[in-house]
Amino acid sequence: MNWARLRLLPTSSSARSPGYLAEAGVPATINDLPSHQCLVYSMSSDAKRWEFLLSTGSGQTKSVGVTGPLVADNSMMLIEAVKEGLGIAMVPRAYVAEELKAGTLQQLKLGAEPVPRSIYAMYSDRRYLPRRAREFIQFLRISL
């Protein structure tokens with residue numbers, strides 16, 4: 001089995017609605033997240049612990065335990081819950097790009113960025129890999 005690792009930079013955004021902030025206050029750092037309502041994506045390996053890349057430039061990461069009123073296996077459901085003011089969610093930035101641009105949602109400025117994720121394209125044998133599959137993998141490398 002062969003695979004191609006495709007690194008995603010940046011992948012996630014900690015989004016929240018202005019309504020939630022008015023009620024709960026604005027978290028200033030990642031250390032403030034445990035005291036907030038965090039909406040959790042259950043299919044992630046770090047569902048209850050969000051990992052951040054510290055802005056020190058050292059490559060160090062910090063993991064923060066989070067809890068909240070909703071655990072879901074669907075990012076779009078989490079986004080709708082954020083829009084309704086239920087809390088903060090870590091979701092793919094591409095999923096909330098329009099809302100961030102329109103101001104419907106806001107990205108948290110926590111002094112740290114979510115750790116970049118990797119995705120993998122799996123295929124059985126490079127020698128027999130159809131051209132469309134090779135081109136798709138190349139497209140992903142360029143696009144992500």
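Let's start at one residue: leaving aside residues up to four places away in sequence, Glu99 touches Lys83, Thr104 and Leu105, where contact means heavy atoms within 4.5 Å. This is a predicted model, in which local features need pLDDT of at least 70 and side-chain atom pairs count only at pLDDT 80 or more, while totals for chains, interfaces and linings use all residues. Residues are numbered from 1 along each chain as its sequence is written, and side-chain values use heavy atoms, with hydrogens and water left out.

Glu99 sits in helix α3, residues 97–102. Its relative accessibility is 15%, so Glu99 counts as buried (under 20% relative accessible area, with exposed over 50% and partly exposed in between, using a 1.4 Å probe and protein chains only).

Stepping back, the protein has four helices and 10 strands; these are DSSP runs, H or I of at least four residues for helices and E of at least two for strands, numbered from the N terminus. Along the sequence they follow the pattern β-β-α-β-β-β-β-α-β-α-β-β-β-α. Of the 144 residues, 35% are buried. Among contacts between residues at least 6 apart in sequence, 71% join residues at least 24 apart.

Now look for the open sheet of three strands, ordered β5-β4-β9 with antiparallel pairing; two strands pair if DSSP finds at least two bridges between them. β5 (61–65) and β9 (112–114) each have a single partner strand and stand at the edges, so one side of each lacks a neighbour in the sheet. Five bridges join β4, residues 49–54, to β5, and Phe52 has Lys62 in β5 as its bridge partner.
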